[in-house]
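Here are a few friendly notes to read alongside the model. Keep the structure open and find each residue as you go.

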Amino acid sequence: MTRYCIAACVLVAMSAALPTSRAADPFWGADPAWNLIHEPAVEKELKLSPAKSREFRRLLDEFDAKFFPLRNKPPDQAAKGVTEAMADLTNRLQSLLSESQFRRLAEIQTRQQGTAALLRPGLMTLMDYDPQQKERLERVISETLAATKELEQRATNGEPREPLEKQYAALKQDELQKVLDILSPIQKSVWQKAVGRDFDFTKLGRAKFKAPELVDSGEWLNSEKPLTLESLAGKVVVLQFYAFGCINCIRNFPTYLDWQERFRGKDVVIIGIHTPETAAEQDSTNVKEKAIEAGFKFPVLIDKTKANWNAWGNSMWPSVYLIDKQGYLRHFWPGELKWQGATGDVWMRERIEELLSEPATP
């Protein structure tokens, strides 16, 4: 097995450790296989027929509806739900895909996992480590993971990316050398077979998830009738969860007002979902008064029972979601758009403009 082939297995981990942007990932930090399977580049790699492609997307849409509500569940409950759903999805995919397509999907997933794949139960069985090898691998991989998480936190805190990326590359190169020193020639061959041929991970980053439909509470502001995402097909939807007394939410208001004017007359619909955090925020009259005071002219759905909050599995005030013209979540920003000098307002505005330029049909 060449060093190049092994290195290719861990390349994707670099982008995961030091993210350049807030992507759509509804399960931030959860099983990356869930994001991977939603990537158009992966679907293209599987070479699905048009009919199979439609079945594939319908299947993912079905499971998206199961995954979103898990986002704000307690960790143990969420992990159990995700594990069960992934097992079910895997079985359904195995029935849908040909043997070669299913194998290729597994290879890409293994490449994505990088060195961590060496400690997955299935691959561990094939590798047949002796106890000393297993212990050494666990130590090397866990130490590198801890070091990369520290770099990730430093990147999140606003440190310059370039030196951090160099440190990350050095960490992964060192990890790779240590792993190579641990594995036997036969084990390296097993790993090579598990990862298969190369895959261009630079094509990733366009994952899309079927957005949960809005749950009508019967109370809307600035809208003559209840809105649905289905009825807004062909438009880019900016969905923002907020509570009027939340200071972090209030700091996002100027950005929403800018978008309100900037995209006036274009195929962009901003929808606020007001989910109360305090007793005062339960009063619809207060919600309406504060919306007028803030200058909101866009529709606001009053979500007193948290029906939408839970359907989306939302867990933070504020949270901003961008939904494309076909009803798929494409980008997500949790928290203040300008938190500690962040430029989320600019980044999300640019993403809105990109989604506007896309066709309304696939």
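**Notes on the predicted model**

1. Let's begin with a pocket. In this predicted model, the second largest pocket has a volume of about 880 Å³. Its lining counts 28 residues, and those nearest the centre of the pocket are Phe102, Ala106, Glu107, Gln109 and Thr110.

2. Which helices supply at least two residues each to the lining of the second largest pocket? They are H2 (32-37), H5 (75-96), H6 (99-113), H7 (121-127) and H10 (185-195). The most comes from H6, which gives nine residues to this lining. Sorted by class, the lining of the pocket has 15 nonpolar, seven polar and six charged residues.

3. Next, look at how two of these helices meet. Two packed helices are described by the angle between their axes and the distance between the axes. For H6 and H10, the axes come within 7 Å and cross at roughly 120°. H6 and H10 are therefore oblique to each other. On the H6 side, the contact is made by Arg104, Glu107, Thr110 and Arg111, and on the H10 side by Lys193, Ala194 and Val195. By class, this contact of H6 with H10 has two nonpolar, one polar and four charged residues.

4. Another helix pair is worth a visit. The axes of H4 (residues 50-67) and H5 come within 11 Å, with a crossing angle of roughly 170°. That angle makes H4 roughly antiparallel to H5. From H4, the residues in contact are Lys52, Glu55, Phe56, Leu59, Leu60, Glu62, Phe63, Lys66 and Phe67. Their partners in H5 are Val82, Ala85, Met86, Asp88, Leu89, Arg92, Leu93 and Leu96. In this contact of H4 with H5 there are 11 nonpolar, no polar and six charged residues.

5. Now for charged pairs. Side chains of opposite charge can pair when their charged atoms come close. How many salt bridges does a search of the whole structure find? The search finds 26. One of them joins Glu45 and Arg197, whose closest N and O atoms are 3.3 Å apart.

6. Finally, check two spots in the backbone. Is the peptide bond from Trp317 to Pro318 cis or trans? This bond is cis, with omega near -10°. Pro318 belongs to the loop between helix H14 (307-312) and strand S6 (319-323). The other spot is Asp128, in the loop between H7 and helix H8 (131-156). Phi of Asp128 is near 55°, a positive value in a residue other than glycine.

Technical notes:
Residues are numbered from 1 along each chain as its sequence is written. This is a predicted model: local features need pLDDT of at least 70, side-chain atom pairs count only at pLDDT 80 or more; totals for chains, interfaces and linings use all residues. Side-chain values use heavy atoms; hydrogens and water are left out. On a 1 Å grid over the protein atoms alone, a cavity is a set of points where a 1.4 Å probe fits but cannot get out, and a pocket is an open set with protein on both sides within 12 Å along at least five of seven lines; lining residues have an atom within 4 Å of a point. Grid points are joined across faces, edges and corners, and a volume is the space filled by probe spheres set on the points. Helices (H or I, at least four residues) and strands (E, at least two) are DSSP runs, numbered from the N terminus. Ala, Val, Leu, Ile, Met, Phe, Trp, Tyr, Cys and Pro count as nonpolar, Asp, Glu, Lys and Arg as charged, and the others, Gly among them, as polar. Axes are lines fitted to C-alpha atoms, for helices over the stretch in contact, and angles run from 0 to 180 degrees between N-to-C directions. Angles under 35 degrees count as roughly parallel, over 145 as roughly antiparallel, 65 to 115 as roughly perpendicular and the rest as oblique. Contact means heavy atoms within 4.5 Å. A salt bridge is a side-chain nitrogen of Lys or Arg within 4 Å of a carboxyl oxygen of Asp or Glu.
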